[in-house]
Amino acid sequence: MSKKDSVILIGMPGAGKSTIGVILAKVMGYKFVDADIVIQQEDGRLLKDIIAEEGVEGFIEIENKINASICDKKTIIATGGSVVYGTEAMEHYKEIGTIVYLKLQYQELARRLGDIKNRGVVLKKGQDLKALYDERCPLYEKYADIIVDETGLNVEETLEKVNKKLFTNENIVL
C-alpha cells in the first residue's frame, strides 16, 4: 500500500462499495465511513429528498462539498456513485488516499440494481441506467489508482482482489 493513509472506494451504485468497505475496514483495522450517510447526516435529508428538492446539480454541489471535507486517517471511505462529478472532492481524495474503482459490467450492474429510484441515484432528466453507466465509467477510470474488475466475482473474491492490489502495488497509478 502507498504512503497515503486511507482507501477510497468509487464505482457505480450496486458495485459493492459499502459492503466491501465494511469488510476491508475490519480486515485492515481501519475506520469505515459511508459518504452517503455523512451527506444525509450533515444535510438532514435523505439523498433522494436532496435530489428531489435541489435537483441533480444542487445535489452534486452538496455532495462535492461534504466529500471534500471527509479526512479521517486510516479510514475506508465508500463514496456515492456520483462523487466523480465533484472535482474538489476527487482531488481531495487523491491527496488523502488510494482510490479503488470497483468495476462492474453493465449487465451485472443492471441485475444488481433493479429499481434505482429509491436508492438516491443521480439521474439527469431523461437519462437511463445505461447512459449513466457510459457517462461515469470514464470518470471512474480517470480518478482510479487501482481498478478491480468484479466480473464473475463474489464478495470474498472481490475483497481478495482488492487486498492483493492494495498490498502488492499491482496496477497502482500514483
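**Salt bridges, rings and core in a predicted model**

Modeller: The structure holds 10 salt bridges. The model discussed here is predicted.

Colleague: Why is the contact between arginine 45 and aspartate 43 called a salt bridge?

Modeller: The closest N and O atoms of arginine 45 and aspartate 43 are 2.6 Å apart. The limit for a side-chain nitrogen of Lys or Arg and a carboxyl oxygen of Asp or Glu is 4 Å, so the pair qualifies. Arginine 45 also meets glutamate 53 in a salt bridge, at 2.8 Å from N to O. Asp43, Arg45, Glu53 and Glu54 are linked in a network of salt bridges.

Colleague: What separates glutamate 108 and arginine 112 in helix α5?

Modeller: They are separated by about one helical turn, because they are four residues apart in helix α5 (residues 106-113). Glutamate 108 forms a salt bridge with arginine 112, with the closest N and O atoms 2.9 Å apart. Glutamate 108, at 24% relative accessibility, is partly exposed, and arginine 112, at 29%, is partly exposed as well.

Colleague: Why is the pair of tyrosine 101 and tyrosine 140 called tilted?

Modeller: A search of the whole structure finds two aromatic pairs.

Colleague: What makes the pair of tyrosine 106 and tyrosine 133 edge-to-face?

Modeller: The angle between the planes of tyrosine 106 and tyrosine 133 is 65°, which is over 60, so the pair is edge-to-face. Tyrosine 106 lies in helix α5 and tyrosine 133 in helix α6. Tyrosine 133, at 10% relative accessibility, is under 20% and therefore buried, whereas tyrosine 106, at 21%, counts as partly exposed.

Colleague: Which residues touch the most other members of the largest nonpolar core?

Modeller: Of its 54 residues, Ile10, Tyr93 and Val100 do. Helix α3 (residues 47-67) gives the most to this core, with eight residues.

Notes:
Residues are numbered from 1 along each chain as its sequence is written. This is a predicted model: local features need pLDDT of at least 70, side-chain atom pairs count only at pLDDT 80 or more; totals for chains, interfaces and linings use all residues. Side-chain values use heavy atoms; hydrogens and water are left out. Helices (H or I, at least four residues) and strands (E, at least two) are DSSP runs, numbered from the N terminus. Buried means under 20% relative accessible area, exposed over 50%, partly exposed in between (1.4 Å probe, protein chains only). A nonpolar core is a set of buried Ala, Val, Leu, Ile, Met, Phe, Trp, Tyr and Cys residues joined through side-chain atoms within 4.5 Å. Rings of Phe, Tyr and Trp (its six-membered ring) pair if their centres lie within 6.5 Å; planes under 30 degrees apart count as stacked, over 60 as edge-to-face and the rest as tilted.
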